[in-house]
Amino acid sequence: MSFSVPQEVPCAWETVTSALISPVSRNVSLSEETLSVYLALLCSNGLGQFLEGWLLETLQVRLTTAVAPEFWAGLKQPEEELEEKDRARVLLLAFHTLLDKLEPFLGGLERLGTWQDDGRGGLSGPGAMGLRERAFSVIRAILLFSPSAMLQERVLEFYSRTFSVHINQEGQAGEAEEGAGGPEGGLCPGCAVATQCCWCQEALEQLQELSHILSRLQLLERVSSEAVTSILHKLIEQRMEQHCRGEYESSFLLDFQEWLELVLGWLSRVFASEVSGGGMLQVANGTSSGEMCQPTNAVLQRWRCHMHQFFCRIYVNMRIEELFSIIRDFPESKPAIEDLKFCLERTNQRQQLLSSLKSAFETRLLHPGVHTADIITVYISAIKALRELDPSMVILQVACQPIRKYLRTREDTVRQIVASLTGDAEGCCDLANELSRADPVTLETQDSDDEGSDPEEWTPDPTDAVTDNTGSKRRSSDIISLLVSIYGSKEIFIDEYRTVLADRLLHQLNYNTAREIRNVELLKLRFGESHMHYCEVMLKDVADSRRINSNIREEESRLAEEEQPPLALSAMILSSEFWPPLKEEKMELPPLASQAMEAYTHRYEKLKAMRTLSWKHHLGSVTLDVELEDRTLTNLTVSPIHAAIILHFQDKSTWSLEELSGVLGVPQEMVRRKLALWQQQGVLKEEAGGRYSVLETGSSRERPERGVMLIDSDEEGDSNTTTQSEQREEKLQLFWAYIHAMLTNLESMTLERIHSMLRMFVATGPVVTEMDVNELEAFLQRKVRDHQLVVSAGVYRLPRSTN
């Protein structure tokens, strides 16, 4: 098969293709009518459709074989032989050369696209827009498919310098990324060279020219984005370290916003270029406007959002590392919490914050070296800070779980919380202030269901919330409620407060209870009146005791002198059913004190019919004067056992340790410890053979002042009531009586059966409900170690008697 081609066709092809890519041919007089005729000839012979492919293939071949190698060779000049200023010129020259080599093809594509859009000579195709996209795709694919690292290094260096120049011109010298030299030594803070060699203005002009070239080639964002991103990230990190690290009392969001506007001024230089002589401004997407304006808002807005996002992420990372210190310093650190809240809402870092904060609590707070009071103080600060950070309280609930779990293992947790509530804890007034606030949260109300809540107001918990029955509406942010909920029962705190109140009432030497009455009234608002009834009875006992003492003294004052009791006695009369258990210590008092107590009891029985008194000899205080041969110690306040010891020396001047122990009914070791107080005061001295005698003549040691209270090391901080652990030990012994009886009758039982039997027989006791299987197993294992039980294959039995 053969076909003939008109002789005019090769000439038409040569003319049209030369008009597309040859600058010389454009200078030759060639009318548009002639081109239209040639185009029509090519299209009529089916060759018009090949013009587009030929032009793109020619561009690709020329770019691969000549243009791209020349571009990379232009960049690879010996770097060590060039200064920074020269390297910037080399970079600009390389892109200038690249544009000059590609300009004929870009112009030809524009012309061909215009012909296609106009349908000249019957030509059809994608048009100018489509051809440009294809051409720039070819350029990007060949030039930047595997770019040399030198290109990014040169671009990064050049953009870093232009940023430094821009910042300097804006009056912010020293905040540039390099901060090279500053004004010292005669160096320009912008370009970091001697002021007489300053090239700041030239650098900005080069930036404008480079932006124009890259925009023309649609390479601006592809070439610039990585360098700009690297510069901005490094700047933000440096600024964060310099201004924010360790500073919690100031907000930095406004400062960052002002700095961001400064940076955006530089970005507007990077992503905008003025076309020479045209009075038009081109932007990264290649479009142009007839007005002098900044780059499209879309470009800057995208970079603004990117910088905001990166700032928030870096800020959150830094504050997560410092969150323990921020919580410890709250409320002074509230500005840092507010900034963190703002940034955390814009990043997905809640889980990172939770895991980091839990780890910080466990490593820095929850170990034996930290006092319980300090742990509670940090927990209170965490409640305040984290409810400010997250009003839903989910972060508080999750992050503080280790603290709550650890506090349950500390024996003095409840006592420390109660001491803080009543204002007795040193340096901790947060709970006392919380208790006194005007709108207290009643625990009884808080425990009730939200039956009246509006379903429309319900909001789901965040996905990181702990799965439990406590929704966001019922999750408490009240400090006292959160502390009480550590144990899940407010009765524990009420019982502990009764113990603290009893200690305070028994230790004070007067009947002033105004402070205690105020605390009880405040606690009634929190816990309810019914739970504080026992405390009210205790306070009433103090008031009744003062009145009864007054009545008895008045009655004694009317007696004849020989009928009056040998000692003036004031008693604190307690209703035993309402006070916590008191420590029991056996002690025999001197006859003088016993007679005074019997006389007081007799008068009380006359005053209160059908009632009598059971004295606690070891509790209370005694005020006495000690008269010696050459001195008198007046108004000394001591404990009853110290008074009993010194009163016995009134009858006999020398006593042995065994004799005192026998007459007092107290172990010898305790008597020895109590005698040490009188030895320290120069009243008694120890002689050979373990005997003690009165030191009648003065000594060189300093004598006590009048009216002082003498307390030895055993009594300092000692409680008159039994501790929670002591009370629990007593109740465990009650369990042991049941267990021993069951094993005696049934011979052997498993742990589960013992537990179920205990619940059946003593379910009315308050402690059984608190003892789970694990606690019972620990108790039984202790009995096994004490050889009171034998266990084999999980079955417990009593040991065989060795009769």
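Which residues are linked in a network of salt bridges? E241, R245, R319, E321 and E322 form this network, a salt bridge being a side-chain nitrogen of Lys or Arg within 4 Å of a carboxyl oxygen of Asp or Glu. The model is predicted, so local features need pLDDT of at least 70 and side-chain atom pairs count only at pLDDT 80 or more, while totals for chains, interfaces and linings use all residues. Residues are numbered from 1 along each chain as its sequence is written, and side-chain values use heavy atoms, with hydrogens and water left out.

By the salt-bridge rule the count comes to 22; the table lists some of them, including one pair from the network.

| Salt bridge | N to O distance |
|---|---|
| R239 and D255 | 3.3 Å |
| R245 and E241 | 2.6 Å |
| R350 and D390 | 3.6 Å |

R239 counts as buried at 13% relative accessibility, whereas D255 is partly exposed at 29%. Buried means under 20% relative accessible area, exposed over 50%, and partly exposed in between, with a 1.4 Å probe and protein chains only.

The largest nonpolar core has 156 residues, where a core is a set of buried Ala, Val, Leu, Ile, Met, Phe, Trp, Tyr and Cys residues joined through side-chain atoms within 4.5 Å. Its largest share, 16 residues, comes from helix 11 (residues 297–328).

Notes: Helix = DSSP H or I, 4+ residues; strand = E, 2+ residues; numbered from the N terminus.
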